[in-house]
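Please read the points below alongside the model. They cover a surface patch, an ion pair and a pocket.

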Amino acid sequence: MKGATSVGGGGKDDSSAAVSTKSNKPKYSRFSQQELSAWKPILTPGWVISSFIVIGVVFIPIGLASLFASEHLVEIVERYDTDCIPLAYRNNSLHYIQTSETNKTCTRTFNVPKHMKSPVFIYYELDNYHQNHRR
C-alpha cells in the first residue's frame with residue numbers, strides 16, 4: 001500500500017517515540033577524548049650535551065658548597081650503654097632498667113679534638129629502638 005500510514009495506540013501519533021533519551025556520553029572535547037597535542041622533544045646529541053652542561057653548572061657549585069661546609073663538622077660517637085650500668089647489674093641490665101631503687105643518672109666526660117664554633121648541636125641516637133613496637 002503506497003502512501004498508507006498506520007496509526008497505533010488509540011489515536012496517538014508516533015512522534016512520542018522519537019523523544020531523545022539522556023546519554024551518558026561526555027561532551028566532545030579534545031581533553032576528554034585525549035586528543036591534546038603532546039610535547040615530543042627530539043633528543044639530538046647537541047641538545048643532550050648542552051642540557052647536561054647547564055645542569056652541571058647549576059649543581060656543581062651547590063655540591064662544592066656542601067662539601068666545604070661538611071669539612072668543618074665535628075662528630076664524636078660516645079657509647080655509654082655499658083659504662084653507665086653499675087657492676088652489680090652488668091649481667092642483668094634489664095633488672096637495672098626496671099628497678100626504681102637505683103639511681104640512673106649517668107655522667108660522661110669526653111674530649112673534643114677540634115675547635116667547635118657556637119652554636120653546638122648534640123644529637124642523640126638510639127639503635128634497635130622501634131617507636132611503634134607495642135609488645
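**Notes on the predicted model**

1. Phe-52 is exposed because its relative accessibility is 59% (exposed is over 50%, buried under 20%, partly exposed in between, with a 1.4 Å probe and protein chains only). Phe-52 belongs to helix α1, residues 45–70 (helices are DSSP runs of H or I, at least four residues).

2. The model is predicted: local features need pLDDT of at least 70, side-chain atom pairs count only at pLDDT 80 or more, and totals for chains, interfaces and linings use all residues. Numbering starts from 1 along each chain as its sequence is written, and side-chain values use heavy atoms, without hydrogens or water.

3. Together with Val-54, Ile-55, Val-58, Phe-59 and Ile-62, Phe-52 makes a nonpolar surface patch of about 620 Å² (residues with over 30% relative accessible area and no salt bridge, nonpolar side chains joined within 5 Å).

4. One salt bridge is found in the whole structure (side-chain nitrogen of Lys or Arg within 4 Å of a carboxyl oxygen of Asp or Glu). Arg-108 and Glu-78 form a salt bridge at 2.5 Å, N to O. The pair links distant parts of the chain, 30 residues apart: Arg-108 is in the segment after α2 (93–98), Glu-78 in the loop between α1 and α2. Arg-108 is partly exposed at 31%, as is Glu-78 at 33%.

5. Glu-78 also lies among the residues nearest the centre of the largest pocket, with Ile-76, Tyr-123, Tyr-124 and Glu-125. The lining has 37 residues: 21 nonpolar, five polar and 11 charged.

Note on methods: 1 Å grid on protein atoms, 1.4 Å probe; cavity = no way out; pocket = protein on both sides within 12 Å on 5 of 7 lines; lining within 4 Å. Nonpolar A, V, L, I, M, F, W, Y, C, P; charged D, E, K, R; others polar. Patch = residues over 30% accessible without salt bridge, like charges linked within 9 Å, V, L, I, M, F, W, Y side chains within 5 Å. Areas by Shrake-Rupley, 256 points an atom, 1.4 Å probe, with all protein chains shown as cover. Helix = DSSP H or I, 4+ residues; strand = E, 2+ residues; numbered from the N terminus.
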